[in-house]
Protein chains: 2
Amino acid sequence: MPPTMVEHNGLDMCLNKYCHSSSSSSSSEQDKKIFSKLKLSLSGDYPRKNAEILSGQYGTNLLLIGLALMLAISHHGPSVKEEHLLSFVTCLMILQLIWMMWYILVRERQKNTRTEKDVHATTCWIRGGLTLLALLSLIMDAFRIGYFVGYQSCVSAVLGVYPVIHATHTIAQVHFLWFHIKDVIKSFETFERFGVIHAVFTNLLLWCNGVMSEAEHFLNNHKRRLTALGYGNLTIVHSEPHCNCTTSTCSMFSSSLFYLYPFNVEYHIFVSAMLFVMWKNIGRTIDLSSNRKRLATKTQGLTVGPILGLLALASTIGILVVYVTHVEESLKMRQSAISMFYIYGIVMLVFMCSAGASGLIIYRADHVPLDTSKNPSRQLDTELLFGSSIGSWLMSWCSVVAVLGADSSPPYRWTNLIYSLLIVLEKYIQNLFVVESLYRKQEDGEREDPELPASPEIFSVTSSLAPPYNGIINRTFVTPDRTCSTMENEQEESGQVKGAHKHKEANPEKHCCLLIMCNISLWILPAFGCRPQYDNGLEQETFGFSIWTTVLNFAIPLNLFYRMHSVASLFEVFRRV
Amino acid sequence: MPPTMVEHNGLDMCLNKYCHSSSSSSSSEQDKKIFSKLKLSLSGDYPRKNAEILSGQYGTNLLLIGLALMLAISHHGPSVKEEHLLSFVTCLMILQLIWMMWYILVRERQKNTRTEKDVHATTCWIRGGLTLLALLSLIMDAFRIGYFVGYQSCVSAVLGVYPVIHATHTIAQVHFLWFHIKDVIKSFETFERFGVIHAVFTNLLLWCNGVMSEAEHFLNNHKRRLTALGYGNLTIVHSEPHCNCTTSTCSMFSSSLFYLYPFNVEYHIFVSAMLFVMWKNIGRTIDLSSNRKRLATKTQGLTVGPILGLLALASTIGILVVYVTHVEESLKMRQSAISMFYIYGIVMLVFMCSAGASGLIIYRADHVPLDTSKNPSRQLDTELLFGSSIGSWLMSWCSVVAVLGADSSPPYRWTNLIYSLLIVLEKYIQNLFVVESLYRKQEDGEREDPELPASPEIFSVTSSLAPPYNGIINRTFVTPDRTCSTMENEQEESGQVKGAHKHKEANPEKHCCLLIMCNISLWILPAFGCRPQYDNGLEQETFGFSIWTTVLNFAIPLNLFYRMHSVASLFEVFRRV
């Protein structure tokens with residue numbers, strides 16, 4: 001191909017420039033020029049849009065290969081085994097480790113040059129939370145290694161290598177998160193793009209893998225229950241090794257694993273979202289004026305919200321224990337457990353809806369212009385919130401269809417309907433509330449509303465202290481830790497300004513606090529086994545076993561992610577108001 | 001809720017403004033003020049970001065309700081029937097009709113005020129194509145009515161109402177497409193947003209419904225074949241009515257329907273994409289300087305590309321006929337038909353890959369800065385291209401896993417592997433090529449490359465004729481038809497300029513032409529029944545019947561859309577270069 005192309009190009013240039021003077025004699029010279037130009041542009045300034053698509057497509061295909069392997073495994077056929085998937089994932093993790101090492105070394109060598117940072121990319125409390133989740137993942141790896149040691153004689157070596165690599169990967173990645181996730185990469189852009197997107201999709205694949213293992217575990221539990229209740233004999237596929245455990249702790253390890261899965265799963269999806277923001281930031285020119293962190297004021301006057309929230313959290317744990325123990329028993333106990341869950345859910349959701357709605361009404365009454373500056377992190381937050389709602393909305397609408405169409409009428413039929421409709425409404429309102437909160441311009445003591453001029457003395461205190469001070473701190477490109485601690489100090493120092501801010505503070509933060517606790521509650525329940533969608537039988541009657549479990553396998557992981565993500569977003573809002 | 005909220009707000013204002021002077025006496029007056037303010041901001045300037053999310057969530061939920069109904073129907077249970085879905089869809093279409101009528105009436109009354117238009121939103125050839133597809137949809141509706149008349153005595157009346165409403169909807173919507181799709185709405189923004197998104201999701205739901213019917217038809221065909229070949233007895237669910245047809249044409253109608261489905265399906269998805277662009281444009285401030293249409297020059301020197309393309313198209317039809325007839329016969333004939341398909345596919349894909357790759361190399365050698373101006377239509381094109389690739393990539397990777405893991409070894413095993421890998425590669429390259437083509441700045445006779453200054457006389461001809469002339473045309477807000485015909489005239493008039501443009505023209509357009517024809521070919525094959533993924537048995541062995549048909553039901557519609565959409569995008573590129 002190149003020869004014909006060059007010919008054409010030569011012709012073009014001829015038309016463009018040389019035709020009037022020397023048309024055919026200088027063609028070989030020109031060829032050389034074109035070749036050198038081609039070489040230059042192939043190596044050098046590859047257009048950014050292209051690099052994005054090139055690397056994005058690479059990452060997507062990695063994930064799809066993994067998904068294809070998972071689908072083959074879930075068929076439990078003779079040809080594709082879990083080892084194949086694990087070796088693929090291990091290779092990806094090793095590649096990511098090499099890239100991270102390379103990246104850190106390069107940054108070390110360029111220590112004297114400034115690295116731009118995107119302060120919106122993440123906050124230290126998110127990183128703290130992720131470190132905690134990473135620690136739990138490490139425990140999980142330890143359990144996996146213990147399990148492998150017990151069955152060493154009859155399982156593939158991959159099952160031993162995988163947790164070791166995963167542990168190394170986790171430690172290295174947490175280090176990366178603390179010191180490099182905010183970097184705005186400006187050198188080797190195309191190469192780094194591949195590195196970052198590789199990391200994004202490796203984590204996404206690890207998430208998918210975790211979700212699949214969890215779903216299979218629940219499905220087997222569900223089948224076991226159905227069989228015990230005499231609903232027909234469903235085959236449960238066991239993946240137990242074919243030899244005896246040489247240590248006495250194997251069964252302990254394998255059963256504990258499933259309590260750690262939820263944390264591991266959240267860890268990977270959060271890391272991939274953060275890495276995705278890093279990927280979006282590559283080559284970006286940060287607008288320094290909008291890149292200053294806002295003063296986070298300490299919270300005060302928190303009474304109703306947190307108390308209600310803590311109450312919700314405490315009752316959730318009670319409900320979880322009662323549900324998990326009762327659902328295994330007789331049909332009647334089972335039905336009462338499910339009814340209890342729905343009634344509890346309705347109460348929670350009514351509170352959440354009214355908290356969100358009143359937050360929105362306050363925003364309507366208190367007009368603040370929205371901040372439209374570019375911010376990939378916020379953009380992604382919005383999209384993820386919206387995208388992950390889809391799973392649970394689908395599940396709810398399926399329940400509505402099932403309730404309306406069902407022939408049988410268990411006691412929880414209509415509470416299920418109300419619960420499902422409330423779930424739709426609650427996500428609808430909460431998304432609106434969170435997005436508007438994230439997009440509202442934070443007042444730097446100024447009020448844009450002409451009807452309400454702030455009193456001059458308060459205005460001057462806030463404006464003289466806050467914005468320039470903040471601006472300076474962030475323009476000096478401090479390391480993340482220092483920003484973190486400085487922010488804390490600032491909060492102490494600015495105690496005197498609190499009174500001035502209070503007129504906006506008091507209202508939405510109460511709602512935030514309640515919503516955070518409620519979202520945590522609604523994460524805990526499905527994460528630790530309280531999934532009435534499996535147990536109530538109504539949807540299964542309308543949709544059939546296979547369609548309904550497929551819907552659940554798609555929707556429940558999305559819903560879990562939605563809850564965690566909205567906790568993170570609400571906490572962000574809470575800190576800012 | 002409002003009372004407590006108002007209390008808080010009153011407190012805030014007190015803190016803010018009145019605390020120093022009169023704290024408690026003027027509270028009732030203030031309450032009134034706040035109420036009026038609340039009312040004003042609830043009715044008036046609702047923030048744009050919120051209106052987007054509010055309406056987006058509404059639309060998504062419409063689609064999800066429809067999906068839930070479809071899932072229930074696909075279970076063939078006793079409670080949810082197709083009538084329920086059709087009445088739901090009919091209601092949505094009636095709502096959309098009312099909104100469109102309202103919209104058109106409002107625009108009629110505002111005739112004397114200018115309506116801004118986004119010229120990038122669509123082109124007249126796309127609208128022409130859609131009109132053609134709409135005509136075929138109307139024929140389909142006629143067949144449906146005929147079918148209903150025959151079975152009138154024993155089927156639900158909904159089956160008769162639906163095609164009538166669908167036909168009305170189609171006609172009204174085509175009218176809307178021609179005269180209003182480019183409008184940039186600036187009045188009643190929040191309400192119009194709901195109207196437009198309702199239209200988007202109604203069309204999307206009609207698309208889903210079409211896809212589901214088609215998939216079921218193919219699945220039944222597939223099961224019939226498997227049973228005929230003795231692969232076990234799979235139950236085929238017939239949805240035939242329980243009475244005899246009173247006219248003699250019923251079976252003709254129902255069998256012809258399936259040849260019209262592909263067109264109907266493409267019609268709805270394209271319309272929903274265009275309406276989505278309209279939704280994105282609501283309230284947008286169009287930058288007039290970037291909003292001028294570029295001069296479309298006539299194509300010349302088209303030799304190799306179109307000839308190869310037409311050859312591909314002709315051979316495709318041959319392959320289709322041979323495949324469809326052979327695959328129903330003995331095992332040997334069937335295997336040879338599948339092998340033939342793969343070999344044919346490999347040849348096509350190699351051509352397409354090299355066309356795309358050489359196009360990309362030409363772009364590398366001929367550096368043009370990318371156009372980064374805001375353009376929702378192009379943004380959506382890119383995302384849809386990328387998003388719809390995912391389906392076919394997943395299918396390909398599944399095939400790769402299946403080929404590598406399979407125990408049986410039919411003659412087409414390794415050709416299937418090569419074919420699948422080439423599909424991945426071809427989409428990878430084609431996406432890059434299309435996206436880069438769409439984002440390249442179109443030269444208005446100017447060349448940004450400092451190494452190649454354009455010769456002055458050519459520069460002056462182009463720049464004096466083209467850009468201002470075009471700019472004026474579009475700033476006068478002509479009706480689409482006039483723009484259309486004017487553009488055609490322009491093309492004639494600017495015949496003299498062709499020579500000057502030729503240096504960019506000659507190269508990529510040849511590739512475009514070949515790629516367009518090849519994409520049409522690869523759309524025709526699966527759209528009209530050539531789906532070796534169902535017939536080859538390899539994937540089914542590895543993934544099992546239910547997982548694999550689920551993957552296909554997800555991936556094939558996306559792939560069909562991908563092909564049509566890339567034809568549209570490539571045609572756009574072809575017209576511009």
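User: Are A:Trp393 and A:Tyr428 buried or exposed?
Analyst: In this predicted model, both A:Trp393 and A:Tyr428 are buried.

User: What do their rings form, and how are they placed?
Analyst: A:Trp393 and A:Tyr428 form an aromatic pair of the tilted kind, 6.5 Å centre to centre with 50 degrees between the planes. The pair links distant parts of the chain, 35 residues apart. A:Trp393 sits in helix H11 (residues 376-405) of chain A and A:Tyr428 in helix H12 (residues 413-439) of chain A.

User: Why is the pair of A:Phe543 and A:Trp548 called stacked?
Analyst: The planes of A:Phe543 and A:Trp548 are at 20 degrees and the ring centres 5.8 Å apart, so the pair counts as stacked. Both of these residues are buried too.

User: How many aromatic pairs are there over all chains?
Analyst: There are 48.

User: Chain B now. How do H12(B) and H18(B) pack?
Analyst: Helix H12 (residues 413-439) of chain B and helix H18 (residues 545-576) of chain B meet at an angle of about 35 degrees, and their axes are 10 Å apart. The crossing is left-handed.

User: Which classes of residue make that contact?
Analyst: It has 7 nonpolar, 6 polar and 5 charged residues. Among them are B:Phe433 of H12(B) and B:Tyr562 of H18(B).

User: Where is confidence lowest in chain A?
Analyst: In helix H13 (residues 456-475) of chain A, with a mean pLDDT of 34. Helix H6 (residues 158-180) of chain A is highest, at 93. Over residues 444-506 of chain A the pLDDT is below 50. Where pLDDT is low, the predicted coordinates should not be read in detail.

How values were computed
Residues are numbered from 1 along each chain as its sequence is written. Chains are lettered from A and ligands numbered from 1 in the order in which they are written. This is a predicted model: local features need pLDDT of at least 70, side-chain atom pairs count only at pLDDT 80 or more; totals for chains, interfaces and linings use all residues. Side-chain values use heavy atoms; hydrogens and water are left out. pLDDT is the predictor's confidence in each residue, from 0 to 100. Helices (H or I, at least four residues) and strands (E, at least two) are DSSP runs, numbered from the N terminus. Contact means heavy atoms within 4.5 Å. Axes are lines fitted to C-alpha atoms, for helices over the stretch in contact, and angles run from 0 to 180 degrees between N-to-C directions. A crossing is left-handed if the near helix is turned anticlockwise from the far one by less than a right angle, and right-handed if clockwise. Ala, Val, Leu, Ile, Met, Phe, Trp, Tyr, Cys and Pro count as nonpolar, Asp, Glu, Lys and Arg as charged, and the others, Gly among them, as polar. Rings of Phe, Tyr and Trp (its six-membered ring) pair if their centres lie within 6.5 Å; planes under 30 degrees apart count as stacked, over 60 as edge-to-face and the rest as tilted. Buried means under 20% relative accessible area, exposed over 50%, partly exposed in between (1.4 Å probe, protein chains only).
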